[in-house]
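Let's learn to read a few surface features together, one at a time. Have a look at the picture first.

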Amino acid sequence: MFKKSLIAAFVAIMVVMMISTSAFAAEKTTMSPEIAQALTEIETVNAAIYSEIAKAQEEAQEMYNQYRSDYYAADDAETKAALTAKYDEEVTALIHELDMKTREMTRLGVEDATAAGVTVEIEWVPVQFPDRVALIDPMKVIDW
């Protein structure tokens, strides 16, 4: 008899805990116009970042195609080494410029989002270039 009462009390406590947890989780969060505007601005910044990435990828592909064409047309190792060094320098500069530009865009976006009450984090995504991969930093919304 005591075991049945203990089990019944335990089940009753578990049911109460489950109901209270569900009620707590069901608390409705409303979105203010400022937050909606901030979310729109975050998407706009991310779209601009991806647009800059696409432009840099196109430019890097053109540079790579030209490099390969010149490299295979060259006869001596010295010329090939010079072409490789020049290409590496140019593509590294292009990626660095893209990185600095997107970091600034992200920094401003994070400041605006934080001021509006939106929590964001920087999400490093790998971006493929013709012969290398670089990490670029769009934003990801965490909470508001």
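A: Let's start with patches: these are made of residues with over 30% relative accessible area and no salt bridge, joining like charges within 9 Å and nonpolar side chains (Val, Leu, Ile, Met, Phe, Trp, Tyr) within 5 Å. Accessible areas come from the Shrake-Rupley method with a 1.4 Å probe, and for residues only the protein chains shown count as cover. This is a predicted model, where local features need pLDDT of at least 70, side-chain atom pairs count only at pLDDT 80 or more, and totals for chains, interfaces and linings use all residues. Residues are numbered from 1 along each chain as its sequence is written, and side-chain values use heavy atoms, leaving out hydrogens and water.

Q: Which residues make the nonpolar surface patch here?

A: I122, W124 and L135 make it, covering about 300 Å². W124 sits in the loop between β1 (119-122) and β2 (125-129); strands are DSSP runs of E, at least two residues, and helices are runs of H or I, at least four, numbered from the N terminus.

Q: How do I read a salt bridge?

A: Side chains of opposite charge can pair when their charged atoms come close. The rule is a side-chain nitrogen of Lys or Arg within 4 Å of a carboxyl oxygen of Asp or Glu. The whole structure has 8 salt bridges.

Q: Which residue pairs with K86?

A: E90 does, with the closest N and O atoms 3.9 Å apart. Both lie in helix α3 (residues 77-115), 4 residues apart, about one turn of the helix.

Q: How far apart are the closest N and O atoms of E104 and R107?

A: They are 2.5 Å apart in that salt bridge. R107 also forms a salt bridge with E111, at 2.6 Å.
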